[in-house]
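Please consult the sequence and the model shown here alongside the points below.

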Amino acid sequence: MTWIRGGPVALDSRNITEAIDSSLRRLGVDYIDLYQIHWPDRYVPMFGETDYDPSRQYASIPMEEQLEALGKGVESGKVCCSVLCRRCSILPICPRC
């Protein structure tokens, strides 16, 4: 994932928390209205690809860890509402949803 902040090894809890904190600093705000992760840390065909290629699968961070990190952002007040888009569906993590 070289396109994310110079390429973290994985989209784990530490990197999600760091990304939220960095966004708050860059934006100069106390909280973020909506924080969305477009793809969980797993291989999926992206950017126009339509076929799944099993040879591109890699060890990934459990989706539960990613959801927990997003939930902690909401619980801490840094994020109002978080979502994880799983290609065609969206999992909201929001006390108001």
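Helices (H or I, at least four residues) and strands (E, at least two) are taken as DSSP runs and numbered from the N terminus. On that basis, the protein contains two helices and three strands, and their order along the sequence is α-β-α-β-β. The model is predicted: local features need pLDDT of at least 70, side-chain atom pairs count only at pLDDT 80 or more, and totals for chains, interfaces and linings use all residues. Residues are numbered from 1 along each chain as its sequence is written, and side-chain values use heavy atoms, with hydrogens and water left out.

- Of the 97 residues in the protein, 36% are buried, where buried means under 20% relative accessible area, exposed over 50%, and partly exposed in between (1.4 Å probe, protein chains only).
- Among contacts (heavy atoms within 4.5 Å) with a separation of 6 or more, 48% join residues 24 or more positions apart.

**Helix α1**
- Helix α1 covers residues 13-27, and its 15 residues should span 21 Å at 1.5 Å a residue, in agreement with the 21 Å between its end C-alpha atoms; the expected span is 1.5 Å times one less than the number of residues.
- N15, I16, A19, I20, S22, S23 and L24 are the buried residues of α1.
- An α-helix has 3.6 residues a turn, so residues three or four places apart point the same way.
- G28 follows α1 and has a positive phi, near 65°.

**S23 and its surroundings**
- S23 lies in helix α1 and has a relative accessible area of 12%, which means that S23 is buried.
- Apart from neighbours within four places in sequence, S23 contacts I32 and Y35.
- The C-alpha atoms of S23 and Y35 are 9.7 Å apart, the two residues being twelve positions from each other along the chain.

**Packing of α1 against α2**
- Helix α2 spans residues 63-75, and α1 packs with α2 at an angle of about 30°, their axes lying 9 Å apart.
- Axes are lines fitted to C-alpha atoms, for helices over the stretch in contact, and angles run from 0 to 180 degrees between N-to-C directions.
- The two helices α1 and α2 are therefore roughly parallel to each other, a term for angles under 35 degrees, with over 145 counted as roughly antiparallel, 65 to 115 as roughly perpendicular and the rest as oblique.
- From α1, S13, I16 and I20 meet E65, Q66, A69, L70 and G73 of α2.
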